[in-house]
Amino acid sequence: MIKNSHFSNTLKIWYLENKRDLPWRKTKNPYLIWLSEIILQQTRIAQGMLYYLKFAEKYPNINLLAKAKEDEVLKLWQGLGYYSRARNLHKTAIHITDNLQGKFPNCYNELIKLKGVGDYTASAISSICFNEFSATVDGNVYRFLSRYFGISTPINSSKGQKEFKELAQLLISNQNPGDHNQAMMEFGALVCKPKKPDCYVCSFENSCYAMQKNKIEMLPVKENKIKIKKRYFNYLIINSKNEKTFIQKRIGNDIWRNLYEFILHESNAEVSIKEIVNNQVLQKLLPNNSYQISKYNEKPIIHKLTHQHLFTTFWIIDTNENVNQSISWEKTANFALPTLIQNFVDKYKKRD
Ligand code: SF4
């Protein structure tokens, strides 16, 4: 049995003295806490903060978010990645407004039913806003607990996830679960860091397993199960009369759903011009073949996502024809574009 009162008290004192001044720590409004938690999934605090402030300003309550168009929400999310988070955020706002009379669920068991909300987010909202004793376990907590207690069960295995959640649950303070959860995560983020943790100023130094046994570098353990898929993306960039181009919405069940991109020709390997000119969308838009084609980048640009690497070549299609549904380069700024495309647009517009 873990004696948790010493542990929680030490943590509480550390947190009161060291916690960062973050905007979502000034509220217990479940809508704003939910917004911050969804934004911060897989995102660093510095980057997430800008997006949190933008969203909280444009959509200060759930009704305004629900009324927004999905394209607007995706545009505001642009650059943050993992776009399913933005789509789920919007769908959930509509669901709460339409089916729950605009009232945010107020307990773990109801929160977990929301789209895009898993154990971590439901625990965070229910503990911070409703004082529920549900432990949050994020990457920072896994690392801290694994080192402090010397647990080598892989943190990305289902066995590990269950074990760490149970341990975190045992440790949760019976006074203020919301602060306790935030303190655990903050400690992992600021002191028990992935590389070079601050062990010599750590309040837990004398009782930490990894410190005593010199195993800091070895913990936590992660199973290597991510397989990276290679994909070859060829973007066909129409540059038509009057400096116009052509973009389209991505559909289907794939990355970047509902964002906008140029004509995409995906292949199994790098391709020749011959294959590109046979692209059906290109043939439909420019049936007279009245264009010149050139490669923008000789070597593919490798855009890395968590599970896939996109080997990307941009092909410039210069034409004097008017292309159906083309838009000015300036207008591309009104559409939500994946970072890969936005980076290209920014460079291409500066070419002269
Ligand atoms: S002593 Fe080092 S490894 Fe142990 S909890 Fe503190 S910072 Fe983490």
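This is a predicted model: local features need pLDDT of at least 70, side-chain atom pairs count only at pLDDT 80 or more; totals for chains, interfaces and linings use all residues.
Where the domains touch, domain 1 puts in 8 residues and domain 2 puts in 9 residues.

**The two domains and where they meet**

- On the side of domain 1 that touches domain 2, helix α5 (residues 70–77) gives the largest share, with 4 residues.
- Sorted by class, that side of domain 1 has 2 nonpolar, 2 polar and 4 charged residues.

**The whole protein**

- Count up the pieces and you get 15 helices and 9 strands.
- Taken along the principal axes, the C-alpha atoms fill a box of roughly 80 × 50 × 35 Å.
- The protein has 352 residues, and 32% of them count as buried.
- Look at contacts with a separation of 6 or more: 67% of them involve residues 24 or more positions apart.

**Helix α9, an enclosed helix**

- Why is α9 largely enclosed by the rest of the structure? Because 9 of its 11 residues are buried.
- Among the buried residues of α9 are Asn-140, Tyr-142, Arg-143, Phe-144 and Tyr-148.
- The cover over the buried residues of α9 includes α10, α11 (177–190) and α12.

**Around the ligand**

- The ligand has 15 residues around it, and the closest are Cys-192, Pro-197, Cys-199, Cys-202 and Cys-208.
- Which helix supplies the largest share of the shell around the ligand? That's α9, with 3 residues.
- Both α9 and α12 (209–212) supply at least two residues each to this shell.
- By class, the shell has 12 nonpolar and 3 charged residues, and no polar ones.

**Helices α2 and α8 crossing**

- Two packed helices are described by the angle between their axes and the distance between the axes.
- For helix α2 (residues 30–40) and α8, the axes come within 10 Å and cross at roughly 145°.
- That crossing of α2 and α8 is right-handed.
- From α2, the contact is made by Pro-30, Ile-33, Trp-34, Glu-37 and Ile-38.
- From α8, the residues in the contact are Thr-121, Ala-124, Ile-125, Ile-128 and Cys-129.
- What classes of residue make up the contact of α2 with α8? There are 8 nonpolar, 1 polar and 1 charged residues.
- Here's a handy rule for reading lists like these: an α-helix has 3.6 residues a turn, so residues three or four places apart point the same way.

- Thr-153 sits in the loop between α9 (139–149) and α10 (158–171).
- Is Thr-153 exposed or only partly exposed? It counts as partly exposed, because it has 15 C-beta neighbours inside 10 Å.
- Leave out the neighbours within four places in sequence, and Thr-153 is in contact with Lys-159, Gly-160 and Glu-163.
- Tyr-51 is 102 residues away from Thr-153 along the chain, and their C-alpha atoms are separated by 35 Å.
- Gly-118 lies in the loop between α7 (108–111) and α8 (119–130).
- Gly-118 counts as exposed because it has 11 other C-beta atoms within 10 Å.
- Gly-118 and Tyr-108 are 10 residues apart along the chain, with their C-alpha atoms separated by 9.9 Å.

- Some background first: most residues other than glycine have a negative phi, and most peptide bonds are trans.
- The peptide bond from Leu-219 to Pro-220 is cis, with omega near 0°.
- You'll find Pro-220 in the loop between α12 and β1 (229–239).
- Glu-243 isn't a glycine, yet it has a positive phi of about 55°.
- The spot for Glu-243 is the loop between β1 and β2 (244–245).
- Glu-243 counts as exposed because it has 11 C-beta neighbours inside 10 Å.
- Asn-289 isn't a glycine either, and it has a positive phi of about 55°.
- Look for Asn-289 in the loop between α14 (280–285) and β6 (292–295).
- Buried or exposed: which is Asn-289? It's exposed, because it has 10 other C-beta atoms within 10 Å.

Note on methods:
Residues are numbered from 1 along each chain as its sequence is written. A residue is buried if 20 or more other C-beta atoms lie within 10 Å of its own, exposed if 12 or fewer, and partly exposed in between; C-beta atoms are placed from the backbone. Two residues are in contact if their C-beta atoms, placed from the backbone, lie within 7 Å. A residue is near a molecule or strand if its C-beta atom, placed from the backbone, lies within 6 Å of it. Ala, Val, Leu, Ile, Met, Phe, Trp, Tyr, Cys and Pro count as nonpolar, Asp, Glu, Lys and Arg as charged, and the others, Gly among them, as polar. Axes are lines fitted to C-alpha atoms, for helices over the stretch in contact, and angles run from 0 to 180 degrees between N-to-C directions. A crossing is left-handed if the near helix is turned anticlockwise from the far one by less than a right angle, and right-handed if clockwise.
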